[in-house]
Amino acid sequence: MPYICLILAIGAELVATTLLKYSEGFTRLLPSVFCVLSYMVCYYSFSKAVMRINLSVAYATWCGVGILATTLISFLMFRQNLSPMGIMGVFCIAVGCVLVNLG
């Protein structure tokens, strides 16, 4: 169950971050409202996940998967490019996330 909460937190964070882009600085009502609601679901789910998962592991997983998925979303949905140095940075984050989970 705690990993389901963590997955839900990651999914809600990805939705919220994407809606943050669509909210245009919180000037558009619907994307702004759903963005805030998604962040509320995200933090509530994450708080439930860390009751049973070590905080360091949960946070590293949440951030690592979030960064990787957000990078992919920004590339696919918003056609934003990433430099080779940026790609290397995202790769290092992924490796670090795996190492924290293995440790």
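1. Trp-62 touches Leu-6, Ala-9, Ile-10, Glu-13, Cys-42, Tyr-43 and Phe-46, leaving aside residues up to four places away in sequence. The model is a predicted one.

2. Trp-62 also belongs to the largest nonpolar core, which has 13 residues. Together with Leu-6, Ile-10, Phe-46, Ala-49, Ile-53 and Ala-58, Trp-62 is among those that touch the most other members. Helices H1, H2 and H3 (55-78) each supply at least two residues of this core. The most come from H1, with 6 residues. In soluble globular proteins, nonpolar side chains tend to be buried together.

3. There is also a nonpolar patch on the surface, formed by Leu-20, Phe-26, Leu-29, Leu-30, Val-33, Phe-34, Val-36, Leu-37 and Met-40. Together these residues have about 870 Å² of accessible area. Helix H2 (residues 29-49) provides the largest share of the patch, 7 residues.

4. Phe-26, a member of the patch, lies in the loop between helix H1 (2-22) and H2. Is Phe-26 buried, partly exposed or exposed? Phe-26 counts as partly exposed because its relative accessibility is 47%, and that class runs between 20% and 50%.

5. As for the whole, the protein chain has 4 helices and 0 strands, in the order α-α-α-α along the sequence. Its C-alpha atoms fill a box of roughly 40 × 35 × 15 Å along the principal axes. Of its 103 residues, 30% count as buried. Among contacts between residues at least 6 apart in sequence, 62% join residues at least 24 apart. The accessible surface of the protein chain is about 6,800 Å², and 75% of this belongs to carbon and sulfur atoms.

Terms used:
Residues numbered from 1 in each chain as written. Predicted model: local features only at pLDDT ≥ 70, side-chain atom pairs only at ≥ 80, totals over all residues. Heavy atoms only, no water. Patch = residues over 30% accessible without salt bridge, like charges linked within 9 Å, V, L, I, M, F, W, Y side chains within 5 Å. Areas by Shrake-Rupley, 256 points an atom, 1.4 Å probe, with all protein chains shown as cover. Salt bridge = Lys/Arg side-chain N within 4 Å of Asp/Glu carboxyl O. Buried < 20%, exposed > 50% of the residue type's maximum accessible area, 1.4 Å probe, protein only. Core = buried A, V, L, I, M, F, W, Y, C linked by side-chain atoms within 4.5 Å. Contact = heavy atoms within 4.5 Å.
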